[in-house]
Amino acid sequence: MAQSRMLLLWVSIVCAAGFLINLNGCGGGSSGNSGSTPPPPTQKIQHVVVIFQENRTPDNLFQDRVLISRGADIQTPAHGWNKEGTLITPTPAPLASEFDAAHGHLAFLEMYDGGKMDGADKIRVGCAPNKPNCRRPPYPTFTYVDNSTGVLAPYYQLAETYTFGDRMFQTNQGPSFPAHQFIISGTSATAPPGNTMSKFFAAENPVGKNIDLNLAGCIAPPSELVLLIDSTNPDPNTNQTRTMYPCFDHPTLTDLLNANGISWKYYAPTAGSIWTGPNAIQHMCGPNAPIPNATRCTGSDWTNNVVLNYTQVLTDIANGQLPSVSWVIPTGAVSDHAALNDGSGPSWVASVVNAIGNSPYWANTAIFITWDDWGGWYDHVAPPTPFVNSYELGFRVPLIVVSPYAKPAYISHVAHDFGSILKFIEGNFGLSTVAPGAGYADERADDLSDCFNFTQTPLTFQMIPAKYDAAHFLNDKSTPAGPDDD
C-alpha cells in the first residue's frame with residue numbers, strides 16, 4: 001500500500017513537469033472528479049473550502065473590539081511610525097475606497113525596511129481608473145476599513161463565533177499572481193524540483209505591452225513577462241533581474257488529489273485572470289498551442305475541475321455536488337480589493353458559508369477564509385524572521401476558520417501561512433506533501449491543528465446575517481471583473 005501511494009506520488013510529480021512528458025499521458029481524461037473515491041465515513045472533515053479574498057491586513061480590516069478584548073493582536077488604531085520618526089494617526093476609509101496602494105515585492109521591501117516596519121507611507125497610492133481625481137487622506141496606507149455602517153458585520157460575526165487567526169502570514173512577499181500559485185501548490189517556482197530554474201520564483205504580477213491582467217498565465221500574449229526572484233539570493237539589489245513568460249510547471253496539491261481519487265474544483269469568474277491560479281501551471285492549463293501562442297486552456301484538469309462561474313459553488317452546494325476540496329475565487333466586485341470592490345465582499349463570503357451551514361455539508365466541512373495579500377496597508381506585526389528565503393514570508397493577512405469542529409470564540413496566535421492550509425488538506429486526506437524535499441510551503445508549515453477540537457460537541461450553525469443573500473449573487477448578470485492593477 002505504501003509503495004502504491006509512493007508510485008502515485010511520483011507519477012503526479014513527473015506529470016507536473018509537462019515539458020518532460022507528453023501531457024496527454026499524465027492522467028489522460030481522468031481527474032479528481034471522475035470516479036473519485038469519497039473520504040471514509042468516519043473522517044470528520046470530508047470537505048474543505050478555501051475562500052480566497054483580496055488585499056487586506058488584520059489591522060486594516062478587523063478593528064473589532066470584541067476580538068481585541070479577547071486578545072487578538074490588532075492595533076487600535078493602526079498607527080505606526082514613518083522613516084522621519086513621525087507617528088502617523090490613521091483614519092477610516094470605506095471598504096469600497098476609490099484609491100489603492102501598491103503591494104508588489106518592492107512595496108513589501110519599502111514597508112518592511114529591514115524589519116523597522118516604518119515605510120508604509122512611502123508606498124505608492126493611486127486612484128481607481130474610473131476615478132482619476134479621487135480624494136485620498138494624507139496617509140492613505142494607514143487607513144482602516146470604516147465599519148460605521150456595519151459593512152463588515154458578517155466578517156466580524158464569523159471571526160467572533162469561530163476561530164480567528166492573528167498570526168496568518170501571506171507566504172510570499174508580493175502581489176496576487178504569485179500568491180494564487182502558493183495557495184494551490186505552496187510555491188511560485190518556475191520549474192519542478194531539480195530543474196536549474198526551480199530556485200526562481202514568480203515575484204510580481206505580469207507586465208508587458210498593452211498588459212491585461214485578465215489575460216495572464218499560459219494564455220497571455222507573447223509580449224507578457226513576469227519578474228522573477230532568485231529565492232537563494234537575499235540581496236534585493238541583485239535578486240530580481242530575470243523575467244520570463246508567465247507559464248510555469250511544478251507539482252501542485254491538485255496532482256496529489258487526482259492521484260488519490262479526491263474530488264476538487266477551482267471556482268473562478270474568468271479564465272485568464274492573475275487570480276485564476278491554474279491558468280499559469282502548464283500541466284493544469286493544457287494550452288491549446290505551444291506557448292506563447294496559446295489562446296485557451298484545454299487540459300483535463302482545466303476542463304474537468306476549473307469552473308468559470310464563481311457562483312456555481314452555491315448551486316453545487318444546493319445540489320449536493322460540493323467536491324472534497326474547493327477553491328473559491330471572487331470577481332472584482334466582491335473581492336474586497338480596494339478601488340475595485342463594491343462593498344459586497346462580506347455578503348458574498350457569508351452567502352457561501354450560509355449555504356454550507358444550512359446544508360448537510362455543515363457536519364463535515366472546514367472553511368478557511370483568508371486574503372491573498374496585504375494590499376499595501378500598514379500592519380504593525382512584522383513577518384517572522386529569519387525569512388524562509390528571499391521571498392517568504394510576507395505580511396499578515398486575516399484568517400477565519402469556520403467548522404463545527406473549529407474552536408469557538410478562539411484567537412489563534414500560532415504562526416500560519418498559505419502552506420498551512422495545504423498541510424491541513426494533506427493531513428486530513430492522508431496525503432504526502434506536494435513535493436517532498438523541495439522546500440515548498442506546505443512541507444515546513446504547521447497544519448492549523450490548534451484551530452480545531454475534534455473531540456468537542458460539534459457546533460450548531462448560526463446563520464450569518466448579511467446585506468445581500470445568495471440570490472443576489474446568483475441573479476447578478478453583470479460581466480465579471482477581474483484585477484485592474486497589482
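Strand E8, residues 163-165, is joined to E18 by three bridges, and the two run parallel. Within that pair, phenylalanine 164 sits opposite isoleucine 411 of E18. Please keep in mind that this is a predicted model.

E8 and E18 belong to an open sheet of eight strands, and the order is E14-E13-E15-E1-E16-E17-E8-E18. The pairing in this sheet is mixed. Which strands stand at the edges? They are E14, residues 306-307, and E18, residues 410-412; each has a single partner strand, so one side of each has no neighbour in the sheet.

Helix H5, residues 153-161, packs on this sheet. H5 touches strand E1 (47-53), E8, strand E16 (365-371) and strand E17 (399-402), and its direction makes about 65° with that of E17. Alanine 153 is a residue of H5. With 35% relative accessibility, alanine 153 counts as partly exposed. The C-alpha atom of alanine 153 is 7.6 Å from that of proline 346, although 193 residues separate the two along the chain. We will come back to proline 346, because it is listed among the buried residues of helix H11, and H11 spans residues 345-357.

Now to E1. Is E1 enclosed or open to the outside? Seven of its seven residues are buried, so the rest of the structure largely encloses E1. In a regular strand, side chains alternate between the two faces of the sheet. In E1, His47, Val49, Ile51 and Gln53 point one way, Val48, Val50 and Phe52 point the other way, and all are buried.

The partners of E1 are as follows. On one side, seven bridges join E1 to E16, and these strands run parallel; valine 48 has alanine 366 as its bridge partner in E16. E1 is also joined to E15, by four bridges, and again the strands run parallel. Valine 48 has valine 325 as its bridge partner in E15, and valine 49 stands opposite serine 326 in E15.

E15 is covered on both faces. Val325 and Trp327 lie on one side, Ser326 and Val328 on the other, and all of them are buried. The bridge partner of tyrosine 266 in E15 is tryptophan 327.

The largest nonpolar core has 110 residues, and Phe62, Trp327, Trp348 and Ile369 touch the most other members. The largest share of this core, six residues, comes from H11. Apart from it lies another core of 20 residues, among them Ala93, Cys134, Phe142 and Phe395.

How well covered is H11 itself? Twelve of its 13 residues are buried, including Pro346, Trp348, Val352 and Ile356. At 1.5 Å a residue, its 13 residues should span 18 Å; the end C-alpha atoms are 18 Å apart, which agrees. Leaving aside residues up to four places away in sequence, tryptophan 348 touches Gln53, Tyr310, Thr311, Val313, Leu314, Val328, Val334 and Phe473. Two of those names have come up already: Gln53 is in the list for E1, and Val328 is in the list for E15.

Asparagine 60 is found in helix H2, residues 58-61. Asparagine 60 is buried, with a relative accessible area of 2%. Residues up to four places away in sequence aside, asparagine 60 touches Thr143, Tyr144, Val145 and Trp377.

Last, confidence. The protein chain has an average pLDDT of 90, and 90% of the residues score at least 70. Over residues 1-38, however, the pLDDT is below 50. Beyond near neighbours in sequence, that stretch has 57 contacts in the model.

Terms used
Residues are numbered from 1 along each chain as its sequence is written. This is a predicted model: local features need pLDDT of at least 70, side-chain atom pairs count only at pLDDT 80 or more; totals for chains, interfaces and linings use all residues. Side-chain values use heavy atoms; hydrogens and water are left out. Two strands pair if DSSP finds at least two bridges between them. Contact means heavy atoms within 4.5 Å. Axes are lines fitted to C-alpha atoms, for helices over the stretch in contact, and angles run from 0 to 180 degrees between N-to-C directions. Buried means under 20% relative accessible area, exposed over 50%, partly exposed in between (1.4 Å probe, protein chains only). pLDDT is the predictor's confidence in each residue, from 0 to 100. The expected span of a helix is 1.5 Å times one less than its number of residues. A nonpolar core is a set of buried Ala, Val, Leu, Ile, Met, Phe, Trp, Tyr and Cys residues joined through side-chain atoms within 4.5 Å.
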